[in-house]
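Trainee: I'd like to learn how to read helices and charged pairs in a protein model. Can you walk me through one?

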Amino acid sequence: MTGLVIRNTGSWYMVKVDRQEGLGEEAQPILPCKVKGNFRLKGIRTTNPVAVGDRVTVVPNNDGSAFITKIEERRNYIIRRASNLSKQAHILASNLDNVILIITVAHPVTSTTFIDRFLATAEAYRVPVTLVINKKDLYTHEELQYAENLAYLYRYIGYDVKLISVSTGDGMDEIREMLKGKITLLSGHSGVGKSSFINAILPDLHIKTAQLSDVHDQGMHTTTFSEMYELSAEKDAGYLIDTPGIKGFGTIEFSKEETSHYFKEIFRISEGCRFGNCTHTHEPGCAVLEALKEHRISQSRYDSYLSILEDENESKYRE
């Protein structure tokens with residue numbers, strides 16, 4: 001029996017079983033499952049051996065639960081370094097058609113370092129990303145100008161960027177069209193409006209939302225586990241995956257030689273470097289450093305690139 005992992009609560013996984021021949025269109029039970037045996041992904045230890053979005057084989061038990069005995073090969077996934085665990089990783093979701101990364105330039109602030117680390121990981125695992133800048137209705141003139149400049153930067157690099165307001169509905173119709181028929185992961189810091197976004201797309205769910213912390217101007221977690229929601233009862237309507245808000249984004253499995261491949265503009269310009277194994281940090285004849293001087297690469301993007309190179313220093317995750 002095969003199915004789709006639609007929810008992860010830590011030790012249990014909810015699996016939507018595939019339709020069975022002869023049992024009718026509606027015969028798709030959702031089974032609570034546990035993992036049987038040890039799963040490994042390319043030798044990496046992960047905090048969650050099974051991820052939302054995985055296609056799995058399950059063996060039912062007599063009590064209505066089941067064991068997950070096999071994971072089908074993932075076509076892609078989003079993975080990050082687990083908090084405070086230098087050698088462990090956490091898979092946010094797998095088998096994705098798109099990711100919507102919701103960001104805000106105020107209340108709370110999303111740093112360009114966080115954005116770039118997320119984008120680099122998505123590039124590494126071949127997952128398209130749309131940047132959605134939320135809360136445009138709340139910004140001052142200066143904040144809105146910064147948001148528009150940010151949108152210009154990432155569009156110039158080659159990313160799809162939307163500037164929206166979930167609360168007023170501005171820009172949401174375009175988002176709804178984009179979601180149809182696709183499996184989309186929703187991610188971002190706590191407080192950027194992910195739960196409100198889901199409520200706008202799927203109002204019958206009534207996802208809990210929370211106010212920002214007055215002390216730190218940061219969001220408070222309202223989602224405690226990952227779950228995928230079907231966009232409608234129609235066949236192949238698509239899914240939206242909600243995940244807990246994340247503060248930082250530690251990369252994993254990036255070598256110094258390949259990190260630049262995951263920054264689109266740096267990779268393009270690096271074709272002009274004198275050395276094929278150029279790290280773009282100090283080498284003579286480096287086209288990337290030259291482009292940085294000429295402002296053809298933004299300083300914020302280059303700083304993010306350097307920060308990922310420093311991820312090889314595992315002690316920083318033990319502080």
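Predicted model: local features only at pLDDT ≥ 70, side-chain atom pairs only at ≥ 80, totals over all residues.

Trainee: Okay, what does the protein contain in terms of helices and strands?

Mentor: You'll find eight helices and 14 strands. Of the 319 residues, 51% count as buried. The protein exposes about 15900 Å², and carbon and sulfur atoms supply 49% of that.

Trainee: And what share of the contacts join residues at least 24 apart?

Mentor: Take the contacts between residues at least 6 apart in sequence: 64% of them join residues at least 24 apart.

Trainee: Now a helix. How do I read which way its residues point?

Mentor: Start with the general idea: an α-helix has 3.6 residues a turn, so residues three or four places apart point the same way. Now try helix H3, residues 172–179, where the buried residues are Met172, Ile175, Met178 and Leu179. Looking down the axis of H3, they fall within an arc of 115°, so these buried residues line one face of the helix.

Trainee: Which residues are exposed on the other side of H3?

Mentor: Asp173 and Glu177.

Trainee: What do the buried residues of H3 pack against?

Mentor: Their partners are strands S9 (98–103), S10 (129–133), S11 (160–163), S12 (183–187) and S14 (239–242), together with helix H4 (194–201). Also look just after H3, where Gly181 takes a positive phi of about 75°.

Trainee: Which residues of helix H8 are buried?

Mentor: H8 spans residues 299–309, and its buried residues are Arg301, Tyr302, Ser304, Tyr305, Ser307, Ile308 and Leu309. Their cover includes helices H1 (112–124), H2 (141–157), H5 (256–259), H6 (264–269) and H7 (287–293).

Trainee: On to charges. What's the idea behind a salt bridge?

Mentor: Side chains of opposite charge can pair when their charged atoms come close. This structure holds 14 salt bridges. In one of them, the side chains of Asp18 and Arg55 meet at 2.4 Å, N to O. That pair links distant parts of the chain, 37 residues apart: Asp18 is in the loop between strand S2 (13–17) and strand S3 (30–35), while Arg55 is in strand S5 (residues 55–60).

Trainee: Is Asp18 buried or exposed?

Mentor: Buried is under 20% relative accessible area, so Asp18, at 19%, counts as buried. Arg55 has 26% relative accessibility and therefore counts as partly exposed.

Trainee: What does Arg74 form a salt bridge with?

Mentor: With Asp54, the closest N and O atoms being 2.7 Å apart. Arg74 sits in the loop between strand S6 (66–71) and strand S7 (77–81), and Asp54 in the loop between strand S4 (45–46) and S5, so the pair ties together parts 20 residues apart in sequence. Arg74 and Asp54 are both buried.

Trainee: How about Asp97 and Arg75?

Mentor: Their side chains meet in a salt bridge too, at 2.9 Å, N to O. Since Asp97 is in the loop between strand S8 (88–94) and S9, and Arg75 in the loop between S6 and S7, this pair ties together parts 22 residues apart in sequence. Asp97, at 29% relative accessibility, counts as partly exposed, and so does Arg75, at 44%.

Trainee: Which residues do salt bridges with shared partners join into one network?

Mentor: Asp116, Glu265 and Arg301.

Key:
Residues numbered from 1 in each chain as written. Heavy atoms only, no water. Buried < 20%, exposed > 50% of the residue type's maximum accessible area, 1.4 Å probe, protein only. Helix = DSSP H or I, 4+ residues; strand = E, 2+ residues; numbered from the N terminus. Contact = heavy atoms within 4.5 Å. Arc of directions from axis to C-beta. Areas by Shrake-Rupley, 256 points an atom, 1.4 Å probe, with all protein chains shown as cover. Salt bridge = Lys/Arg side-chain N within 4 Å of Asp/Glu carboxyl O.
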